[in-house]
Amino acid sequence: MTKNEIAEILDEIGMLLELQGENPFKVRAYVAGARAVEAMEGADLARLVEAGELKSVKGIGDALALKIAELHTTGRLGFYEKLKASIAPGLLELREIPGVGPKKVRALHTQLGVNSIADLIAACNDGRVAELAGFGAKTQEKILAGIRNREAYGRRHLWWDAAEVAEPIVAGLRALPQVRRAEAAGSLRRGLETVGDLDFIVAASDVGPVMDWFTGLAGVKEITGRGETKASVRFESGLQADLRIVPEEQFAFALHHFTGSKDHNVQMRQRALARGLSLSEWGLVPAEGEGTVKAKVEAGDALRKKVAGVKTEAELFAALGLAFIPPELREGMGEIEAAERGELPRLVEAGDLRGAFHNHTTASDGRNTLIEMVAAAEALGWEYLGIADHSKSSFQANGLSEERLLMQVAEIRKLNESGRFKAQAFSGVECDILPDGRLDFDDATLAQLDYVVASVHNVFSQSEAVMTARILKAIEHPRTTMLGHLTGRLLLRREGYQVDAAKVIDAAIAHGVVIELNASPWRLELDWRLWKKAAERGLLCAINPDAHETAGLEHVRAGVLAARKGWLQREQILNTRPRADVAAYFAARRGR
DNA sequence: GCCGTTTTCGGCCCGACTGTTTTCAGTCG
């Protein structure tokens, strides 16, 4: 059984135990164990199981080590099967209803015999739910509304779409006279590929007018909450947004708190506690004695001086002995340890890019001409733009025949020689990897090009073994310069095809093939979670917008964020190199 | 269930908001 399958089962055990009313710390131990397993390399997991050393991993103790080993070697776990059989399968999905947690599920199940969403709807309609202790008419109504809207409300949103909503809101907040500082936080600020909801953190002198402005935003369908420091709204699109207003002294703490992933924040608080400090969105204070952080901060005693000294996130990290951790790294995946050792990477920035290689024109399925695309690249300050239109087998995308491709090569050469643009165009192709792993053009044709992006565009249904072999064959082809979108996934719309990413990465490193980080907001793969280790082992990245129109070039912004989440530095990305170096790189590849 | 240069037992991150209450439990992030 693979590590991700094992992690999923541990997560599910956590949920099932929670529904049983188990000790919440035991529940957390299973969930933490799932994260620990996910963080391993598949090969490491096998080695640790074999050597009986699973316990050496933080978060895995005697009980989990036994269970993980059983899952890994037999693919089954008696404990899990018994647990699962003891709980009605419909109960887990009740947890998806907003406002319904494990305790409410338990009450509904034991007192009303609710075993499914259908049962729950019936119980609400009868008014039985409102009569339960701890429930009421409003709760019953909210449950029904939550069930009705669960699809729209539960949906995540592409980072790109969320950013388009969030950016004008941040600008609007900053323009208010009461507002001193305003930032978007949450998964948006961390650059996660999809975003569940928006978080805005504001330092303001007066709360009321800011909340009024926020809840009165165009497109707000519903105000779902409004307290002293927080307001929540839901937009027509289903996207929810939270606004939190704090005194300016607490802004850095609130921004950090609402930016970090849960894991990052837990680790930061544990680190604070180990130093006798208590950290929250309100501040950083000595942990001893009575009272909450908030109370201590408000008491304004000597402790407050410590808080007052922290005005920025950088100072907050410094107070805990850490270098500044960029938001994109705050996932609880080793960034705190690296910051402690002073080993955080200097992450790539959008300004480091000097061009990109995977772009389309009207010659295939793009919406702008070669000249328009190159002009747009130059306007971005780029030195070069690689043109990689589709190959003939992608007839759905108006793929180029040999003849049309060679015409384009001539056209590009002529454009470069004309001196019309300072930016230079490179001749490439996005060449289909055929179902048997051959490329869509013969060697003589491919030899006319500066470079080749090889991608899979059809027969997605192949088994993992067949698909992996297909892609490996393309990587081994001497004309292949880089591999396009690895799994063909479309975020929130379509799973990628099955492929053994580890084998593909190994082969790409061995053959000196670049793997692209496709920056299209719908793709964003090779996934950032795989980049850190792959790049450490020598895999070279290209951040490619896969632009089908001039505006699509801007998508590299999303690609840079994903690269930063993958700990990538400038040196690990081909399109940060100057034009002459890239030309030399292509020439060397062609000369193999 | 995990973990320990204060601990092998007794802790385990912290606070806002809602709806139910009359001081708080549950949920969420």
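Two strands are said to pair here if DSSP finds at least two bridges between them. With that in mind, strand β6, residues 230-235, pairs with β7 in the antiparallel sense over five bridges. Before I go further, please note that this is a predicted model.

Staying with these two strands, Arg-234 has Gln-240 in β7 as its bridge partner. The hairpin of β6 and β7 has four residues between the strands, and Gly-238 in this hairpin takes a positive phi near 95°.

β7 has another partner. Strand β4, residues 197-204, pairs with β7 in the parallel sense over seven bridges. Here Ile-201 stands opposite Arg-244 in β7.

Now, how many residues of β7 are buried? The strand runs over residues 240-246, and seven of its seven residues are buried, so to speak mostly covered, with buried defined as under 20% relative accessible area. In a regular strand the side chains alternate between the two faces of the sheet. In β7, Gln-240, Asp-242, Arg-244 and Val-246 point one way, while Ala-241, Leu-243 and Ile-245 point the other way. Charged residues are on that list of buried positions, including Asp-242 and Arg-244.

Next, a residue in a loop. Val-513 lies between α25, residues 501-511, and β15, residues 514-518. Is Val-513 buried or exposed? It is buried, with a relative accessible area of 3%. Leaving aside residues up to four places away in sequence, Val-513 touches Ile-475, Thr-480, Thr-481, Met-482, Leu-483, Ala-508, Leu-539 and Arg-589.

Last, the record. An unreviewed UniProt entry carries the annotation "domain: Helix-hairpin-helix DNA-binding motif class" for residues 52-71, 92-111 and 127-146. I have values for two of these stretches. Over residues 52-71 the chain is 50% helix and 0% strand, with the end C-alpha atoms 14 Å apart. Over residues 127-146 the chain is 70% helix and 0% strand, and there the end C-alpha atoms are 16 Å apart.

That is what I have for today.

Methods:
Residues are numbered from 1 along each chain as its sequence is written. Chains are lettered from A and ligands numbered from 1 in the order in which they are written. This is a predicted model: local features need pLDDT of at least 70, side-chain atom pairs count only at pLDDT 80 or more; totals for chains, interfaces and linings use all residues. Side-chain values use heavy atoms; hydrogens and water are left out. Buried means under 20% relative accessible area, exposed over 50%, partly exposed in between (1.4 Å probe, protein chains only). UniProt positions are given in the numbering used here, feature names are shortened, and annotations may be inferred rather than shown by experiment. Contact means heavy atoms within 4.5 Å.
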